[in-house]
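Please keep the sequence and coordinates open while reading.

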Amino acid sequence: MTTRRSLLALALLPAAAATADDALQAAIRDAVGNAAITDGGITLRAPATAENGGQVPITILAESPMTAADHVTAIHVFATANPTPGIATFRLTPLLARAEVQTRIRLAEAQHVIVLAQMNDGRVRRATAEVRVTTGGCLT
Amino acid sequence: MSTLNAPRIRIPRSARAGEVIEIRTLIEHPMETGLQGPRRDMLTRLLVRMNGETLLAADFRNGTSANPYHVFFVRMERTSSFDFTWTDEAGRSARAEARVTVG
């Protein structure tokens, strides 16, 4: 149903859809530059359905020993269909026991959440999760 | 500089050497994006330091929930002091401190 609605939206509003995607791509490039992004090595835990889009709990966990030589330097969180794609950026240090952060985010409607982990050697890893929202997050 | 409402920290008072502890933080803040409401009122940053060194720095944008809540994990090697600072776009801030004894 979501897919059909998205397709319909794309057909009816190509300009608006392109703008939202452009904003997301710009936000991602702003965060990680032109580094190649690969899937895997990072997990995003989010509810399949969130009762309250204003408080959606998520857990981001990247695979990393978190040593000075090999650690995650940043975790970036994006929403694909919010009015603005940015959610948060976490700058991590090897003082942390693991590359894990739990937080609560706002989702205006059903959409994908994208998380990126930047490693100290420049690699960027990605995970996504689709979240349905019963009541849209108040983005006022 | 005015002060934000008192933040809440959940952190153990003591730990064994090498133990991983969980730190939870919560601060009351409306996180008004201004997209639909009359004005914007957003918290922008949480900085957590351990013995004066940066442990974690978070930058918040519109998709962060009201009353920002965060959980993260630290391996304790020695008795340490923690310092938490939240700042918002209006220049207000809040601070909290904690000490974890090891041994």
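**Strands and rings of chain B**

Met50(B) stands opposite Phe82(B), a residue of β7(B). This placement, like everything below, comes from a predicted model. The two strands involved are β4, residues 43–50 of chain B, and β7, residues 80–88 of chain B; they pair in the antiparallel sense over 7 bridges.

β4(B) also pairs with β5(B), which spans residues 53–60. These strands run antiparallel and are joined by 6 bridges. Within this pairing, Leu47(B) has Ala57(B) in β5(B) as its bridge partner. β4(B) and β5(B) form a hairpin, with 2 residues between them. In the turn, Asn51(B) has a positive phi of about 50°.

A search of the whole structure, over all chains, finds 1 aromatic pair. Phe84(B) and Trp86(B) have ring centres 6.3 Å apart and ring planes at 20°, so the pair is stacked; the cut-off for stacking is under 30 degrees. Both Phe84(B) and Trp86(B) are buried.

Two other rings of chain B have an arginine of chain A over the face. Arg98(A) lies over the face of Phe73(B), 3.9 Å from the ring centre. Arg104(A) lies over the face of Tyr69(B), at 4.0 Å from the ring centre.

Finally, the annotation. An unreviewed UniProt entry assigns "domain: Sulphur oxidation protein SoxZ" to residues 9–98 of chain B. Over that range the chain is 54% strand and 0% helix, and the end C-alpha atoms are 8 Å apart.

How values were computed. Residues numbered from 1 in each chain as written. Chains lettered and ligands numbered in written order. Predicted model: local features only at pLDDT ≥ 70, side-chain atom pairs only at ≥ 80, totals over all residues. Heavy atoms only, no water. UniProt positions renumbered as here; feature names shortened; annotations may be inferred. Helix = DSSP H or I, 4+ residues; strand = E, 2+ residues; numbered from the N terminus. Phe/Tyr/Trp six-rings, centres within 6.5 Å; stacked < 30°, edge-to-face > 60°. Buried < 20%, exposed > 50% of the residue type's maximum accessible area, 1.4 Å probe, protein only. Lys NZ or Arg CZ within 6 Å of the ring centre and 35° of its normal. Pairing = 2+ DSSP bridges.
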